[in-house]
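Subject: A structure to look through

Hello,

Please keep the model open while you read.

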Amino acid sequence: MARKPDSDGPSVSAEEALEFHAMGRPGKLEVVPTKPMATQRDLSLAYSPGVAVPVKAIAEDPSRAFDYTSRGNMVAVISNGTAILGLGNLGALASKPVMEGKAVLFKRFADVDSIDLEVATEDADEFINCVKFLGPSFGGINLEDIKAPECFIIEQRLRELMDIPVFHDDQHGTAIISAAGLINALEISGRDMKTTKLVCNGAGSAGIACIELIKAMGFAPENITLCDTKGVVWQGRTEGMNQWKSAHAVKTEARSLADAMEGADVFFGLSAKGALTRAMVESMAKNPIIFAMANPDPEITPEEVAEIRTDAIMATGRSDYPNQVNNVLGFPYIFRGALDVRATTINDAMKIAAAHALADLARKDVPDDVAAAYQGNRPKFGANYIIPVPFDPRLISAIPVAVAKAAMETGVARRPILNLDKYAQELSARRDPIASTLQRIYDRVRRQPKRIVFAEGEEEQVMRAAVAYANQSLGTAILLGRDDVMRENAQHAGIDLDKPGIEIINARLSRRNAIYADFLYERLQRKGYLLRDCQRLINQDRNHFAACMVALGDADGVVTGVTRNYSTALEDIRRVIDAKPGHRVIGASIVLSRGRTVIVADTAVHDMPNAEQIADIAEESANFARRMGYEPRVAMLAYSTFGHPQGERSERIQEAVKILDKRRVDFEYDGEMAADVALNHRLMQQQYPFCRLTGPANVLIMPAFHSASISTKMLQELGGSTVIGPLLVGLNKPVQIVPLNAKDSDIVNMAAIAAYTAGQ
């Protein structure tokens with residue numbers, strides 16, 4: 001049996017691996033409570049006497065365990081260590097680092113909580129008796145590193161005995177990922193699944209599972225030949241046979257792997273290094289598909305195949321070659337979907353749905369997030385990219401949805417999901433806190449699509465963002481740039497700009513140039529600009545051209561900033577677009593941290609605002625919070641709290657509060673106060689009961705730009721917070737400026753926010 005890796009990356013030294021596992025707290029897991037344990041009341045609710053209430057509720061209705069305990073998001077990773085990572089039978093205790101690693105991957109990729117359990121027995125019946133009684137503790141069981149044939153017996157018996165999913169990943173994980181790659185390889189090579197001839201070398205747990213799954217998908221049994229160390233598994237063979245091999249025996253004259261490989265379309269290798277020879281590869285059919293998945297060394301290397309066949313499509317189990325069959329693409333997301341519908345099992349339909357979802361994802365354009373994880377190497381669907389890569393952020397919203405849908409359609413879901421689109425959005429939010437905050441913005445824009453100008457249209461990430469904006473039905477993406485340069489760059493990057501919703505405008509050739517230049521000259525003629533200066537700005541600077549488009553109604557909003565710093569881009573825009581009447585232009589950042597959303601201002605425009613400006617910033621921020629769907633509670637921050645200690649800078653904050661008092665604004669505000677008081681309502685009530693805020697602040701007004709910048713960046717780096725922005729607020733037209741070299745996903749988000757603002 002060949003075992004596929006669950007993590008991606010380069011080889012490491014023994015010393016480095018040991019140091020990694022030993023540093024800090026030994027191991028890779030810890031238990032973190034999800035409820036507060038700070039007061040006596042917390043303890044009373046968590047344990048005695050409060051815990052008696054959910055105990056009684058579950059005794060009356062066992063399904064309530066999913067509502068009141070962690071069972072619905074908890075998977076046990078269980079092994080006896082008889083087949084560890086291709087290292088063999090090293091025992092249950094030696095398998096613990098692997099099982100801890102598996103639990104970490106569950107959490108990292110799909111937000112599934114997991115605990116490892118190592119069972120010290122090689123007896124299948126003892127193992128089954130141990131695990132079957134653990135069912136009430138978990139929502140699913142992931143079996144791991146158990147040798148064949150015991151793994152077949154254990155999984156089958158536990159599936160019969162337990163009412164939760166039992167999944168042996170060494171079998172089915174490998175089968176699902178390889179099936180996904182096979183679907184795409186067949187598409188690229190122009191083959192039909194029903195007539196394709198496949199040879200599988202390796203009759204262990206992974207090999208048997210692969211054959212069973214592709215048969216369930218539509219492969220003709222007579223076209224699949226299974227081989228093991230003794231040759232072809234043929235009908236009538238008795239040597240080295242068992243019931244699992246016999247189920248896949250075929251009528252054939254072939255007796256060796258070499259015999260079986262003659263004219264074969266596909267090779268699945270789950271065996272050992274060197275099992276597939278060059279002569280065997282030469283004997284295969286045109287455009288052969290070779291999945292050499294033995295680990296750590298494949299049955300044959302891609303370099304060896306390339307020397308004799310230029311038409312082959314290859315996959316391996318290694319991360320240093322294209323098309324890695326990596327189980328981490330499957331098990332976290334399969335369990336995520338199964339848990340979310342409270343499935344009683346993971347059946348063939350769910351596995352096939354996962355395989356098709358993976359195959360479909362590989363055909364889509366790859367975002368910057370994936371390219372960044374792979375040192376800028378952007379995969380593109382084709383012979384060298386038939387399987388998605390593990391760090392693709394879209395896996396979380398694609399695979400579980402397909403699995404959940406299949407579970408519901410086959411009647412194994414105990415809690416059906418009525419709105420799968422909403423479920424996909426919720427899944428994205430589990431791993432990306434920005435997703436939930438922005439989702440209502442995206443939904444609103446789709447109902448009122450807008451024309452957004454992408455000012456730096458020749459840049460690759462900008463083109464990708466424009467295509468994503470159009471593909472997501474947010475409106476029309478207008479790319480500014482030289483047509484020939486843009487199309488050459490797009491072709492090189494594999495971007496299709498000839499799609500509905502994409503417009504290309506060359507600023508130099510636009511018929512609107514003269515109109516824009518006259519408009520700009522009228523604004524700047526008393527600020528030292530000649531007409532020729534304005535003409536040059538329109539012809540040569542895309543920020544000015546884009547801003548004029550929006551100012552004169554030819555587009556609804558602008559996004560820029562990829563190629564120049566924030567202050568320069570803002571200066572360009574401000575020459576064309578003013579603040580809204582009665583408003584002040586500010587920068588506001590949205591900070592997402594530990595389930596809380598806080599708006600911080602001013603993070604972009606005012607260096608050292610005076611009291612009047614601070615009051616204006618507070619008003620703009622409160623209005624922005626409401627537009628984002630939050631009822632503002634504004635805290636004016638300082639190093640002091642309500643006069644202690646006294647200082648000149650605190651006096652500015654106190655004066656700003658008095659100004660807001662005079663304006664009689666319609667939102668909660670108070671200050672000056674330190675950040676801990678503003679964010680900790682209990683502390684606020686205990687020490688400052690006169691404070692006007694009825695809850696923790698969700699809008700923080702900083703005393704100066706430097707404190708805003710320092711605090712948000714520290715939250716990102718030390719606190720693990722996600723920061724969106726700074727967002728421009730207060731301009732008369734929707735404009736957003738992204739950071740230098742922003743990723744395509746950041747640009748799309750900013751474009752959506754500009755469109756959302758335009759809709760308001």
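N287 is found in the loop between α12 and β9, where helices (H or I, at least four residues) and strands (E, at least two) are DSSP runs, numbered from the N terminus. Please keep in mind that this is a predicted model, in which local features need pLDDT of at least 70 and side-chain atom pairs count only at pLDDT 80 or more, while totals for chains, interfaces and linings use all residues. Residues are numbered from 1 along each chain as its sequence is written, and side-chain values use heavy atoms, with hydrogens and water left out.

The phi of N287 is near 50 degrees, a positive value in a residue other than glycine. Most residues other than glycine have a negative phi, and most peptide bonds are trans. N287 counts as partly exposed because its relative accessibility is 25%; buried means under 20% relative accessible area, exposed over 50%, and partly exposed in between, with a 1.4 Å probe and protein chains only.

P288 also has its place in the loop between α12 (278-282) and β9 (289-292). Is P288 buried or exposed? P288 counts as buried, because its relative accessibility is 0%. Leaving aside residues up to four places away in sequence, P288 touches R191, D265, R309, D311, A312 and I313, where contact means heavy atoms within 4.5 Å. From P288 to A357 there are 69 residues in sequence and 24 Å in space, taken from C-alpha to C-alpha.

Next come two cis peptide bonds. One joins S48 and P49, with omega about 5 degrees, and P49 is found in the loop between α2 (40-46) and α3 (52-60). Another joins G725 and P726, with omega about 10 degrees, and P726 has its place in strand β20.

Helix α8 is mostly covered, with 19 of its 21 residues buried, and just after it G190 takes a positive phi of about 70 degrees.

Helix α14 (residues 331-340) is mostly covered as well, and 10 of its 10 residues are buried. After α14 comes R342, whose phi is positive, near 50 degrees, and which lies in the loop between α14 and α15 (348-362). R342 counts as buried because its relative accessibility is 14%.

Helix α30 (residues 705-717) has 13 residues and reaches 18 Å from its first C-alpha to its last, close to the 18 Å expected at 1.5 Å a residue. In α30, A708, S709 and T712 are buried. Seen down the axis of α30, its buried residues fall within an arc of 95 degrees, so they line one face of the helix; the arc is that of the directions from the helix axis to the C-beta atoms. An α-helix has 3.6 residues a turn, so residues three or four places apart point the same way. What covers the buried residues of α30 includes β15 (586-593), β16 (596-601) and β20 (722-729).

Finally, how many cavities of 30 Å³ or more does the structure hold? The structure holds three of them; on a 1 Å grid over the protein atoms alone, a cavity is a set of points where a 1.4 Å probe fits but cannot get out, and lining residues have an atom within 4 Å of a point. The largest cavity has a volume of about 150 Å³, a volume being the space filled by probe spheres set on the points, with grid points joined across faces, edges and corners. Of the 17 residues that line the largest cavity, the closest to its centre are R627, L728, V729, Q736 and T757. At least two residues of this lining are supplied by each of α26 (611-627), β20, β21 (735-737) and α31 (744-759).

The second largest cavity holds about 40 Å³ of space, and its lining includes A338, L339 and R342.

With best wishes

Terms used
The expected span of a helix is 1.5 Å times one less than its number of residues. On a 1 Å grid over the protein atoms alone, a cavity is a set of points where a 1.4 Å probe fits but cannot get out, and a pocket is an open set with protein on both sides within 12 Å along at least five of seven lines; lining residues have an atom within 4 Å of a point.
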